[in-house]
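Subject: Structure handover

Hello,

Please find the structure below. Some notes on what was found in it follow.

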Amino acid sequence: MTAQTAGPAPLPQSRHLATAIPGPRSEALHAERQAQVTDGFGIALPVFVERADGGILADVDGNRLIDFASGIAVTSIGASHPRVRERVAAQLERFTHTCFMVTEYESFTQVARWLNEHTPGDFEKRTALFSTGAEAVENAVKIARSATGRPKVLVFDEAYHGRSLLTMAMTAKENPYRLNFGPFPAEIVRAASANPLRPVAGASAAGTNDDGGAASGADVTTAALASVEATLAEHGADAFAAMVIEPIQGEGGFVVPAPGFLKGLRDIADRHGIVLVIDEIQAGMGRTGTLFASEHEGIVGDITLSAKALAGGLPLSAVTGRADLMNAVHAGGLGGTYAGNPLACEAALAVFEAFEDGSLLANARSIEAAAREVLEPLVAETDIVADFRGRGAMLALEFADQDTLAPRADLAKEISARCHARGVLTLTCGTHGNVIRLLPPLVIGDELLRDGLAVLRQAILDVTAEAGARTAEAAAPALA
């Protein structure tokens, strides 16, 4: 019998700077990375992590950074959850891989059962497991095409669906995701989204949505849905197999759609026989305070996609949908060598356990309340924060000129860099690169969360003051 060894002591859940960020060891390791790794991989912060737990990343120089990234919404239950470690370690003792298409193992079926029971929709479901979010998206398209016999796929402005060739075609942002990688697969058509801050022609942004951010109400939704209908008519609605949308658009800027837009898409899909695919890869698994973000809108997709936080840091993705759709594919048409790897399946079962008592969903809602208290007033207090938006622990600040809404990616980059220097890891995103997004682990403590929020708020106020001083200085000669 293998002897049980005690795990490492818990990481202190407090910010601590022992060196400049990055420190000397991280700098040396980053230099080695540059000598060995392709430049095609970007980096948000060149710090090498030694340990991670709760809301803290501990680097090789002895610094403890507050984690507002969660590995891009992956480590939602923490980067070192004890049940994930236990279940994966036990599986390591049995076997690491067989390929589910060759010989089977029960954990694959158990993960599928949980997803069938918990994804929105009271219809009979089936689930297929894969490794990455992009794989899930591509397989959803395959399933929809197989079931409908139609070729086209409708996607939306500000969408992000992955880095494979098909999912790049589905993604809206050119740089860095699509730049220099074409030509892309055909039969992908893009339609307008319902961005409350930046609506389609015919609607004007105004007001504030209690749970989403800037909103103009029904006119944004009406104009966007009319544009979607026009796009379908232009390309032939009966040629579309699927429409694929994120319930909160992630890389596009954490855009919460105007109220009623997703329900309108559900109606359009039903009317034209189009499979509605809800991409919950970033917004799902408790991130927004419900298990799936689509629950906020009261809509059900024909197919729901999961990944990122699904397996607590191990690569696993899922396509869950109506049984008639999922079973429309011929045997052998779905799969993958590593699809539903047993280690990742055990990690997912541990994640499911962590959600059982409801505390993580409550934590997500508490994170939102604290962030709104600290950050939302900046929309009125500064002239550079155009919007604060999001749900649960998926929140964002958009930086733009408040009069013209001209994006200010330079400000987002500068503010994020100042947070990094003070030991708070933040990420930027958005079609224009002008959004700072917050994705703290759902297990982060309130004191640590508020420390990180205070650092971010102060960085914004400092940059606002400096920008104002520069403007005043530039105007001074004209007044002389």
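Where is the place of Lys 308? Lys 308 sits in the loop between β11 (303-306) and β12 (317-322); helices (H or I, at least four residues) and strands (E, at least two) are DSSP runs, numbered from the N terminus. Its phi is near 40 degrees, which is a positive value in a residue other than glycine. With a relative accessible area of 24%, Lys 308 is partly exposed; buried means under 20% relative accessible area, exposed over 50%, and partly exposed in between (1.4 Å probe, protein chains only).

Before the rest, two remarks on how to read the values. This is a predicted model, in which local features need pLDDT of at least 70 and side-chain atom pairs count only at pLDDT 80 or more, while totals for chains, interfaces and linings use all residues. Residues are numbered from 1 along each chain as its sequence is written, and side-chain values use heavy atoms, with hydrogens and water left out.

The chain as a whole

The chain has 14 helices and 17 strands. Its radius of gyration is 23 Å, close to the 23 Å that the globule rule gives for 480 residues, so the chain is as compact as a globular protein of that length. That radius is taken over C-alpha atoms, and the globule rule is 2.2 Å times the number of residues to the power 0.38. Along the principal axes, the C-alpha atoms fill a box of roughly 80 × 65 × 45 Å. Of the 480 residues, 54% count as buried. Among contacts (heavy atoms within 4.5 Å) with a separation of 6 or more, 73% come from residues 24 or more positions apart.

Leu 405 lies in the loop between β14 (394-399) and α13. Leu 405 is not a glycine, yet has a positive phi of about 65 degrees. At 23% relative accessibility, Leu 405 counts as partly exposed.

Arg 198 is 207 residues from Leu 405 in sequence, but the two are 8.4 Å apart in space, C-alpha to C-alpha. Arg 198 belongs to the loop between β6 (188-191) and β7 (208-209) and is partly exposed, with a relative accessible area of 22%. Neighbours within four places in sequence aside, Arg 198 is in contact with Glu 398, Ala 400, Leu 405, Pro 407, His 432 and Asn 434.

Helix α13 (residues 409-421) has 13 residues and reaches 18 Å from its first C-alpha to its last, close to the 18 Å expected at 1.5 Å a residue. The expected span is 1.5 Å times one less than the number of residues. The buried residues in α13 include Leu 411, Ile 415 and Cys 419. Just after the helix, Gly 423 takes a positive phi of about 90 degrees.

A cis peptide bond joins Asn 175 and Pro 176, with omega about 15 degrees. Another cis bond joins Gly 182 and Pro 183, where omega is about 5 degrees.

Ala 239 is in the loop between α7 (218-235) and β9 (240-245). At 17% relative accessibility, Ala 239 counts as buried. Leaving aside neighbours within four places in sequence, Ala 239 is in contact with Arg 150, Pro 151 and Lys 152.

Regards
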